[in-house]
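These are my notebook entries from a first look through this structure.

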Amino acid sequence: MDFLMFQLEADSIIPLYEQLYTEIKQAIINGTIEEGVKIPSKRKLAEYLSVSQTTVEFAYSQLVAEGFISSEPRRGFYVQNLAELALIEQRTSIIVQDEGSKASYSIDFSPGKIDTESFPFSIWRKCSKEVISESNKDLLLLGHPQGDYTLRQQICTYLYQSRGVRCTPEQIILGSGTEQLMPLIIRLLGEKAVFGIENPGYPLTHHLLLDDQEKTVPISVDADGVIVSQLEHSNATVMYVTPSHQFPTGAVLSATRRTQLLSWAYQAENRYIIEDDYDSEFRYTGRPIPSLQGIDQNERVIYLSTFSKSLMPSLRIAYAVLPKQLIVKYKQKYSYYAATVPRMDQQILSKFMESGYFAKHLNKMRKIYKRKLEIITKTIAAYDPLVTISGEQAGMHLLLTFETVKPESELIAYAKQAGIRVYGIQEYLSTSDNLFNKPKIVLGFGGIEVEKIETSIEQLMEALKIKKLSL
Ligand SMILES: Cc1ncc(COP(=O)(O)O)c(C=O)c1O
């Protein structure tokens, strides 16, 4: 009877029978209760919802009168076929689609996908088995609000060695994703903060900040990353950046701009940089570029990263490294909340890192993604100069620029018709003016199997009606 678990309000001015009638009617129209289903007897539903039988009787009579249900003697009430009902209001058929009912694609170039073929399941299982044991009874209880110390220690060591981040475990806060940590950071920075966001940029920043136009300043991005001179002429006090691999253009913030950005932050007391280093583990050319946090001399960088790319997005573990003055503020204001990551998961990850499996996994994945990238580069070369690649130095997505008079939306529609999921760069803009004079597609390649990359790209080009020019 769960499908009839309606929230009726006893103190509403709308009578209970009318509320019940409306709820059941809606459930029938939007398909939650399907045609032919037997609905509970008046007595049972009255008991279940703690209302009187008369309430249910009134509601059912109205539904019978309108043809939504039929009353069959000695058998009960049954949901009717809606197609036979001429008077159903169309407007009520607005169905909220969930993930499962979205259009399905045969090739998915979404930037959020990872390679699921290469995950070390047996090792993860081994670590889980060691953690889920009676000798770890304390894991059943709440741990430290910032996350378990052992995991914060592992992250601290890893960050220092791989990203040059200088911090102590005490400065780290674990959270169930960047999505969960960003609102916390925004609250921590206070009401007066005005946020610069990259344009185009990570959609989360739009969702979180754009509703409040006065608190948000979109800052344009070019081939060298975010244009810091624009930031200097704005009233922003905090800048959110993805310097290692700009999302979604893939640009790497140039050395000059890094220095310029840090100097901007040093020019006023309340200025901060939020450095989102989400896919920095995967850099394919040149030497790794250290984080901004590592070269910051004045505690002005809030460092943010995630295990969504390096391990799996479903793990929901990300972390923030707060400058010392902000960690003090965090402890005063927010340490009353429990950590948002389950402790068992924290401990499994901690073990995975401590035993050296994480480093091994990263090395393996770097090779796999690099291989995928090489195939893409080679395949796209045949379409040059109609299609060019940029942003391919790091991460699991790159940018394709097209020499065509067709608008970007048309290309995306062609791909969709062919069952291929791609995103146009315009989807990532936070301003209505198009900053680009050529169509661009953000191509996530993490989720496509190595063997399928070449044909997937060729199918995409065919769908976009782009012909090979060279061999
Ligand atoms: C720019 C950027 N930051 C962070 C993330 C990760 O977010 P989360 O930690 O909530 O999975 C993503 C997507 O994977 C991203 O594109």
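**Entry 1: an annotated stretch.** I found that the unreviewed UniProt entry places "domain: HTH gntR-type" on residues 14-82. I then noted that residues are counted from 1 along each chain as its sequence is written. The model is predicted, so to speak of local features I need pLDDT of at least 70 and for side-chain atom pairs pLDDT 80 or more, while totals for chains, interfaces and linings use all residues, and side-chain values rest on heavy atoms, with hydrogens and water left out.

I looked up the make-up of residues 14-82: the chain there is 51% helix and 14% strand. Helices (H or I, at least four residues) and strands (E, at least two) are DSSP runs, numbered from the N terminus. The end C-alpha atoms of this stretch are 26 Å apart.

**Entry 2: domains.** I wrote down domain 1 (2-96), domain 2 (107-117 + 361-463) and domain 3 (121-358); the bounds come from an automatic or database domain assignment. Between the C-alpha centres of domain 1 and domain 2 I noted 48 Å.

**Entry 3: two sheets.** What is the strand order in the open sheet of 3 strands? I read β1-β3-β2, with antiparallel pairing; two strands pair if DSSP finds at least two bridges between them. β1 (38-39) and β2 (69-72) are the edge strands with a single partner each, so one side of each has no neighbour in the sheet. β2 and β3 (residues 76-79) are joined by 4 bridges, and Ser70 has Tyr78 in β3 as its bridge partner.

The open sheet of 4 strands runs β13-β14-β17-β16, again with antiparallel pairing. Here β13 (387-390) and β16 (423-424) stand at the edges, and each has a single partner strand, so one side of each lacks a neighbour in the sheet. Between β14 (residues 397-402) and β17 (residues 440-444) I noted 5 bridges in the antiparallel sense.

**Entry 4: the ligand.** Which residues come nearest to the ligand? Of the 13 around it, they are Thr178, Asp276, Thr306, Ser308 and Arg316; a residue is near a molecule if one of its heavy atoms lies within 4 Å of it. I sorted the shell into 5 nonpolar, 4 polar and 4 charged residues. In this scheme Ala, Val, Leu, Ile, Met, Phe, Trp, Tyr, Cys and Pro are nonpolar, Asp, Glu, Lys and Arg are charged, and the others, Gly among them, are polar.

Next I checked some atom pairs. An N or O atom in the Asp276 side chain is 2.7 Å from a ligand nitrogen. Ser308 brings a polar side-chain atom to 2.6 Å from a ligand oxygen, and Arg316 has one 2.8 Å from an oxygen atom of the ligand. The ligand taken alone exposes 400 Å², of which the protein buries 92%; the areas come from the Shrake-Rupley method with a 1.4 Å probe.

**Entry 5: backbone details.** Where does the cis bond from Phe247 lead? To Pro248, with omega near 10°, in the loop between β9 (238-241) and α9 (255-266). Asp384 and Pro385 are also joined by a cis peptide bond, with omega about 5°; Pro385 lies in the loop between α13 (357-381) and β13. Last, I noted Ser50, a residue other than glycine with a positive phi near 55°, in the loop between α2 (42-49) and α3 (53-65).

Key
Polar contact = N/O pair within 3.5 Å; in protein donor to acceptor, adjacent residues only side chain to side chain. UniProt positions renumbered as here; feature names shortened; annotations may be inferred.
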